[in-house]
Amino acid sequence: MKPDIKTIDDIKEMVNQFYDKVKADETIGFLFEEVARVDWETHLPRMYEFWNMVIFGEGGFIGNPMAVHMRLNVRHPLTHQHFARWKSLFYQTIDELFEGEVAEQTKTKAKSIASIMEQRVTIQPFTAELSIIKPTSHQS
Ligand code: HEM
Ligand code: HEM
C-alpha cells in the first residue's frame, strides 16, 4: 500500500518526478526544452506552489497559466496528443508514488484543468474569429 499525498514534500516529489518524465518525453519534452526553454530552477518551485494551491488550497501561487499556455500555443501549436500525453505522464507519476483519496482527487483535478485548458487554448482562434464576425453581421 502506497501513502496518500499529505504534505508539501509529497507535492515536491510528485512535481519533480513528473517533470523528469516530461523532459525525457518524445511527444512533449521539446515544448519545454526547445520551444519554451524552461528555466527549471524557477519553474519547479512555481509548480510546487500551484499544486499546493490546487490540492491543499494553500500558499501563494500567483500566475496566469491560461495566458502562459496560449502564448506557448502561438509559438508552437498544442495538439490533443500533447495534452493526452501530459495527462498520461501526470497520472503515471501519481500512481507510481501515491494511493488514496487525495491522489484520486488530484488526478481528477488535473484532468478537469487540462481539458478546460485544451479547449480554450486550441479553440480560442475560432471563437475569437466568431466574435469578430458577429457584430459585423449584426450591423448589416
Ligand atoms: C500540452 C500540455 C502542456 C504543455 C506542453 C505545457 C507547457 C508549459 C510550459 C512550457 C510552461 C512555461 C514554463 C516557463 O517557461 O516558466 C508551463 C507553465 C505552467 N503550466 Fe503547463 N503545459 C501543459 C499543460 C498543463 C496543464 C494541464 C496544467 C495544469 C493542470 C499546467 C500547469 C502549468 C502552470 C501552473 C504553469 C505556470 C504558469 C505561470 O507561471 O503562470 N500545464 N506549461
Ligand atoms: C489554466 C487555468 C486554470 C483552470 C482551467 C482551472 C480549472 C480548475 C478546475 C476545473 C478545477 C476543479 C477540478 C475538479 O475538482 O475536478 C480547479 C480546482 C482548483 N483550482 Fe483551478 N484552474 C486554473 C488555475 C488555477 C489557479 C491559477 C489557481 C490558484 C491560484 C487555482 C486554484 C484552484 C483550487 C484551489 C482548486 C481546488 C478547489 C477544490 O478543491 O474544490 N486554479 N481548477
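This is a predicted model: local features need pLDDT of at least 70, side-chain atom pairs count only at pLDDT 80 or more; totals for chains, interfaces and linings use all residues.
Residues are numbered from 1 along each chain as its sequence is written, while chains are lettered from A and ligands numbered from 1 in the order in which they are written. Local features need pLDDT of at least 70 and side-chain atom pairs pLDDT 80 or more, whereas totals for chains, interfaces and linings use all residues; side-chain values use heavy atoms, with hydrogens and water left out.

**View 1. The iron atom of ligand 1 and its protein donor, H69.**
Look for NE2 of H69, which lies 2.0 Å from the iron and is the single donor from the protein. Donors here are N, O and S atoms within 2.8 Å of the metal (3.2 Å for Na, K and Ca); water is not among the atoms, so sites may look incomplete. H69 belongs to helix α4; helices are DSSP runs of H or I with at least four residues, and strands are runs of E with at least two, numbered from the N terminus. The side chain of H69 also has an N or O atom 2.8 Å from a nitrogen atom of ligand 1.

**View 2. The shell around ligand 1, made of 22 residues.**
A residue joins the shell if one of its heavy atoms lies within 4 Å of the ligand. F32, R46, N64, H69 and W86 are the closest. The side chain of R46 places an N or O atom 2.8 Å from an oxygen atom of ligand 1, and N64 brings a backbone N or O atom to 2.9 Å from an oxygen atom of the ligand. Helices α2 (29-35), α3 (40-56), α4 (65-75), α5 (80-97) and α6 (101-139) each give at least two residues, with the largest share, 5 residues, coming from α3.

A pocket is an open set of points on a 1 Å grid over the protein atoms alone, where a 1.4 Å probe fits, with protein on both sides within 12 Å along at least five of seven lines; lining residues have an atom within 4 Å of a point. Of its 30 lining residues, F32, H43, P65, V68 and H69 lie nearest the centre. Helix α4 provides the largest share of the lining, 7 residues.

**View 3. Ligand 2 and its surroundings.**
Among the residues around ligand 2 are F50, M53, F61, P65, K109 and S112. Polar side-chain atoms approach oxygen atoms of ligand 2 from K109, at 3.0 Å, and from S112, at 2.8 Å. Helices α3, α4 and α6 each give two or more residues to this shell, and α6 supplies the largest share, 6 residues.

Key. A polar contact is a pair of N or O atoms within 3.5 Å; within protein, one must be able to donate a hydrogen and the other to accept it, and residues adjacent in sequence count only if both atoms are side-chain atoms.
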